[in-house]
Amino acid sequence: MREIEFRGKDKSTGKWVYGDLTHTMGVTDTGLRPRIMVAGYEVFEDSGGQLVKNFHGKKFYEGDIAVTNDKDEPIHVILTWIKQNAMFAWLTVDEYIDYHHSGSIDIDNTMFWTYAFDDDSVKGIRVIGNVFDDKYLLK
């Protein structure tokens, strides 16, 4: 069976937590509000990400920022859920920014720069951060 895991940044401690993801309602002074929980901890909504691949203990989550091991021209890529195509893909920084501004991407025109996510490609990618903690890497 495929491992299904999520991560998110705990609102109380600021630490990353890992486990099941649930959508619940939180009680406030004025009523109820939606909240996202990972492993029983309320997390910042934009910090949540699904485990996409576990390659021999090397875990890759949605929102990870990585760099390719190309010695001549290393490329920064972001592991992104492409809703319109129901797939995860590594997008370059420019593609990622365009996708989040427009809400869509022309996969046919970006596929050259979009890395396949198979076992061989994982060997050539090193995670250096994530879009929640390391926004400066997106510049």
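I started at Lys9, which stands opposite Trp16 in S2. The model is predicted, so I kept to its limits: local features need pLDDT of at least 70, side-chain atom pairs count only at pLDDT 80 or more, and totals for chains, interfaces and linings use all residues. Residues are numbered from 1 along each chain as its sequence is written, and side-chain values use heavy atoms, with hydrogens and water left out.

I checked how S1 and S2 (residues 16–19) pair: antiparallel, over 4 bridges. Strands here are DSSP runs (E, at least two residues), numbered from the N terminus; pairing takes at least two DSSP bridges. The hairpin of S1 and S2 has 6 residues between the strands, and Gly14 takes a positive phi near 75° there.

I then looked at S6 (residues 49–55), which also pairs with S1 in the antiparallel sense, over 2 bridges. Phe6 stands opposite Gln50 in S6.

Which way do the residues of S1 point? Phe6 and Gly8 point one way, Arg7 and Lys9 the other. In a regular strand, side chains alternate between the two faces of the sheet. All four residues are buried (under 20% relative accessible area, 1.4 Å probe, protein chains only).

**Thr80**

I moved to Thr80, found in strand S9 (residues 76–82). Why does Thr80 count as buried? Because its relative accessibility is 3%. A polar atom of the Thr80 side chain lies 3.0 Å from the backbone oxygen of Ile78. Leaving out residues up to four places away in sequence, I found that Thr80 touches Met87, Phe88, Ala89, Leu91, Tyr96, Tyr99 and His100 (heavy atoms within 4.5 Å).

Conventions. Buried means under 20% relative accessible area, exposed over 50%, partly exposed in between (1.4 Å probe, protein chains only). A polar contact is a pair of N or O atoms within 3.5 Å; within protein, one must be able to donate a hydrogen and the other to accept it, and residues adjacent in sequence count only if both atoms are side-chain atoms.
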